[in-house]
Amino acid sequence: MEWTEREILIVDMWNAGKTCSEIGRAVKKATIFVENKLAFMRRRGVFVEVRVKPRPPSSRNKKPAADKAHEIKKRKCLRCAKLFLSEWKGNRLCVNCKGSKDFSSVLSVY
Ligand SMILES: [Zn+2]
């Protein structure tokens, strides 16, 4: 298939991120002409689309399954009995209590 200058321009502008109406104005054609042209070229497989599309951030960032000892879950703080997000089984003190002065005295409970 021979490409006319207009077709090349349409594809170039499309790949540069222009809209069909912008391209239409540039080639002095109706928006629908540009849309049809692009659709036709896509169907014919002569139009390699390199236009960059923004991708939604991947939601597949799941960590591999942690073993039970390192299961992150809400646990009751041994000192103040509040629920807190504990990073592992042995982590039984909330941040507040860990940071408190008598942390060492709590440790002796174990
Ligand atoms: Zn606590």
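This tour moves along the chain in sequence order, from one selection to the next.

Before selecting anything, note that the model is predicted, so that local features need pLDDT of at least 70 and side-chain atom pairs count only at pLDDT 80 or more, while totals for chains, interfaces and linings use all residues. Residue numbers start from 1 along each chain as its sequence is written.

Select K28 first, in the loop between α2 (20–26) and α3; helices here are DSSP runs of H or I of at least four residues, strands are runs of E of at least two, and both are numbered from the N terminus. K28 is not a glycine, yet its phi is positive, at about 55 degrees. K28 is exposed because 8 other C-beta atoms lie within 10 Å, where exposed means 12 or fewer, buried 20 or more and partly exposed in between, with C-beta atoms placed from the backbone.

Next, select helix α3, residues 31–44, whose 14 residues should span 20 Å at 1.5 Å a residue, in agreement with the 20 Å between its end C-alpha atoms; the expected span is 1.5 Å times one less than the number of residues. Just after α3, G45 has a positive phi of about 75 degrees.

Move on to A81, which sits in the loop between β1 (73–76) and β2 (83–86). A81, again a residue other than glycine, has a positive phi near 65 degrees, and A81 is exposed, with 8 other C-beta atoms within 10 Å.

Finish at V95 in helix α4, residues 95–98, where V95 is exposed, with 10 other C-beta atoms within 10 Å.
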